[in-house]
Amino acid sequence: MPTQQSFATGSACPELEAGTLRVYSMRFCPYAQRALLVLTYKNIPHEVVNINLKNKPEWFLQKNPLGRVPTLEKDDRIVYESAICCDYLDQVYPDNKLTPDDPYRQARDKMTVEVFSQFVSDFQKMMSSPPQEKPESLQKIKNNLSELESSLTARQGAYFGGNAVQMLDFLLWPWFERILIFAKVVPLTFSLEDYPALCEWTKKMPECPAVQKCRLDPQQFLEFYKSTKAGAPDYDVGLGKDS
């Protein structure tokens, strides 16, 4: 079983046994967490290999020329990009299906993901931009949160899946988990309490067993974020030498 520690440039690729599903990940990456949530929810046996995304192993770039996580590998098949990985897993492992059957619902969910992608971009800009540039990003964030609030309210349930968790919930959750962590230590210029449906959703999602099993360690995440801001991301923060 591979170590939890990240593999970097110059490392050897751990041997992959035939028939084993492997996910190349990074412990603090929200995109990788999407796939891990799906794998966990669907009880799909797998192993995890963590990648140092600043100094990527040569062998990883041969598997995925984009150099991003998550990346799935099983035998001679490789799949990458988070939403594609999640859809692939839901089709290949049909038990506990997460994608709605209705084509229009599928289209609506994909449109919501597009709105959310803009929210992620604007949130990252706000967290990293100088003060004079923050108001523009903040207004975009509020507009996108309003769109998400409307989308969730229209679904007439506690989740984006309605009365139960579906794929869209897992595609969005990793960023909200991080926002909730940030909100405890950094004064954010928006509040999820201004969006009642989203606020209740953030309280319901941690009840899902898959979310519980894939949750971040808040202190380790904040230490990783601090190291990233300093230009030297510590992908193995909190791990012992034998982890």
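How many bridges join strand 1 to strand 3, and do the two run parallel or antiparallel?

Author: This is a predicted model, in which local features need pLDDT of at least 70 and side-chain atom pairs count only at pLDDT 80 or more, while totals for chains, interfaces and linings use all residues. Residues are numbered from 1 along each chain as its sequence is written, and side-chain values use heavy atoms, with hydrogens and water left out.

Strand 1 and strand 3 (residues 71–74) are joined by 3 bridges and run antiparallel; two strands are said to pair if DSSP finds at least two bridges between them, and the strands (E, at least two residues) and helices (H or I, at least four) are DSSP runs, numbered from the N terminus. Strand 1 itself spans residues 22–25, and both of its faces are covered, with Arg-22 and Tyr-24 buried on one side and Val-23 and Ser-25 buried on the other. Here buried means under 20% relative accessible area, exposed means over 50%, and partly exposed lies in between, with a 1.4 Å probe and protein chains only. In a regular strand the side chains alternate between the two faces of the sheet.

Strand 1 is also joined to strand 2 (residues 47–50), by 4 bridges, and these two run parallel. Between them the chain passes through helix 1 (residues 30–41), in a β-α-β crossover that is right-handed, a term which means that, with the strands pointing away from the viewer, the path from the first strand over the helix to the second runs clockwise.

Thr-71 is buried, with a relative accessible area of 0%. A polar atom of the Thr-71 side chain lies 2.9 Å from the backbone oxygen of Arg-68, where a polar contact is a pair of N or O atoms within 3.5 Å, one of which, within protein, must be able to donate a hydrogen and the other to accept it, and residues adjacent in sequence count only if both atoms are side-chain atoms. Leaving aside residues up to four places away in sequence, Thr-71 touches Arg-22, Val-23, Tyr-24, Phe-60, Asn-64, Ile-78, Val-79 and Tyr-80, contact meaning heavy atoms within 4.5 Å.
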